[in-house]
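Open the model in your viewer and keep the selection tool at hand. This tour goes stop by stop.

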Amino acid sequence: MNIHLKIQELRKNAGLSQEALAEQLGVSRQAVSKWESGINIPDIDKIIAISKIFGVSLSELLTGEKENVSVAAETPVPDEKYEELLQQHLMQVDAMLKESGRKKRSGWSIAFRIIAAVVICYLVLFYVDKLQRMENNINNLQSNVGNIRTDINHQIYSIQKEISESLKKEYGLISDYTLDYRDMDFPRRTVVLDISASPRLWNEGDSMAFIVEADGEQLSCEGVYNNGTVYAEIEVPLSDNIQVSALITNGGTVKQEKIDELHELLSMHLLEVNGHGSIRSSRVLGDDQLTMSGDITVYAHSRLYDESQPVLSRIKSATFELIENGKTTQTVDLLAESMKNRPYDSPIDNVRADFDYTVGTIERTMKAGDTFDYVVTIVDNNDVTYKGILESIMVTDDLSVEHNKRDYGDFEVTLPDKVE
């Protein structure tokens, strides 16, 4: 789970609005919205403050994973300490093996060999269990070490970014800037960027242009200077990696400085769809009648939290199909079923939409090579298609039945044909 999704989850679980969290952190609501949208990430001091507000470790906040053992993620542990802890566990294991060996040798010297054998068996079982628990502890410790190192790497990256931004503001060509997007057009795969930048120095005759690199293309536009700030808007390809730089011409000298970048802008506006089937099949021995029944479940998640646009309102259609030997024999409108079965006064989730459907009992006279695919297709308002085979059933040559279940597998995502 990315940090923007974790912040969103913690805030919702705590019953806080974006305004309430922003007030506690001393920032604007727009800043919190951009964090939760993945457009920006909080500064390191804000990340630390968020972890304290919600009572979670930095490791859990940054990675989305809870720690298995009690280790303070905020306190980096040197690599030497990791090795020392592992060595201590290994030495304990070695000592137990030696102790087990001594007990075995002494056991064979006891006159009553039957009693000795029972004792030895008990000791072996006892130590095998203890060694297994020790091995699990070591594995947990190694896993936790990896989480801490990941946490430290995230912190280093955040600190480096914060230092870089501070240096830019202090010594760069640009003292301040804003970068927003609007008018996202999925059929044409374009988006409009609104850019404003305040040059540190500006003399009469100076000029500033903005260069945008997106989807392998490089575009530029001239900015308009007004009262200390240069403004521009530009339509660029919609992609997951957009980089914006400023090109300043001053007295015949041209200098370029990177302003900002937008990561996963395209992916962030797609849904995350997964699901699974729970289909049962049965047949009577000696009979060729196959009976199938069960349930399908689909979850559609939004990566872009928007209080004004619940996930369900972003879905144009959701359809279940039973495809037998390549032909559709049953079609169900899951979106209509979901709205029909939803309690009148139940709120619509802003982040997730669930589709549950009970497939009626189906009886077929089976033959070798028969296939039955349980398929769900979702289309969102941008005509992006999400298609997944939740479960496949096949009849083999010996008339046995094989199930291929897709347990929460990702759906195949297809963007609409690009309109030039």
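Here is what to select and what is there.

**Before you start.** This is a predicted model, in which local features need pLDDT of at least 70, side-chain atom pairs count only at pLDDT 80 or more, and totals for chains, interfaces and linings use all residues. Residues are numbered from 1 along each chain as its sequence is written, and side-chain values use heavy atoms, with hydrogens and water left out.

**Stop 1: the cores.** Select L193, F210, I242, F320, F355 and Y374. They have the most contacts inside the largest nonpolar core, which has 62 residues. A nonpolar core is a set of buried Ala, Val, Leu, Ile, Met, Phe, Trp, Tyr and Cys residues joined through side-chain atoms within 4.5 Å. Buried means under 20% relative accessible area (1.4 Å probe, protein chains only).

Now select I3, W35, V56 and L58. They are among the 14 residues of another core, which lies apart from the largest one.

Return to L193. Leaving out residues up to four places away in sequence, L193 touches L179, D180, Y181, V212, A232, E233, I234, V236, I242, V244 and L262. Contact means heavy atoms within 4.5 Å.

**Stop 2: two helices.** Select α2 (residues 18-25) and α3 (residues 29-37). Helices are DSSP runs of H or I with at least four residues, strands are runs of E with at least two, and both are numbered from the N terminus. At what angle do α2 and α3 pack? The angle is about 110°, and their axes lie 8 Å apart. That makes α2 roughly perpendicular to α3, a term for angles of 65 to 115 degrees. Axes are lines fitted to C-alpha atoms over the stretch in contact, and angles run from 0 to 180 degrees between N-to-C directions.

Show the side chains. Q18, E19, L21, A22 and L25 of α2 meet R29, V32, S33, W35 and E36 of α3.

Stay on α3. V32, S33, W35, E36 and S37 are buried there. Their cover includes α1 (3-13), α2, α4 (44-54) and α8 (265-268). Just after α3, G38 takes a positive phi of about 80°.

**Stop 3: strand β14.** Select residues 371-380. Nine of the 10 residues of β14 are buried. β14 pairs with β11 (residues 315-324) in the antiparallel sense over nine bridges; two strands pair if DSSP finds at least two bridges between them. Find L322, which stands opposite Y374 in β14.

I378 stands opposite Y386 in β15. Finish at the hairpin of these two strands, which has four residues between them. D383 takes a positive phi near 65° there.

Key: Buried means under 20% relative accessible area, exposed over 50%, partly exposed in between (1.4 Å probe, protein chains only). Angles under 35 degrees count as roughly parallel, over 145 as roughly antiparallel, 65 to 115 as roughly perpendicular and the rest as oblique.
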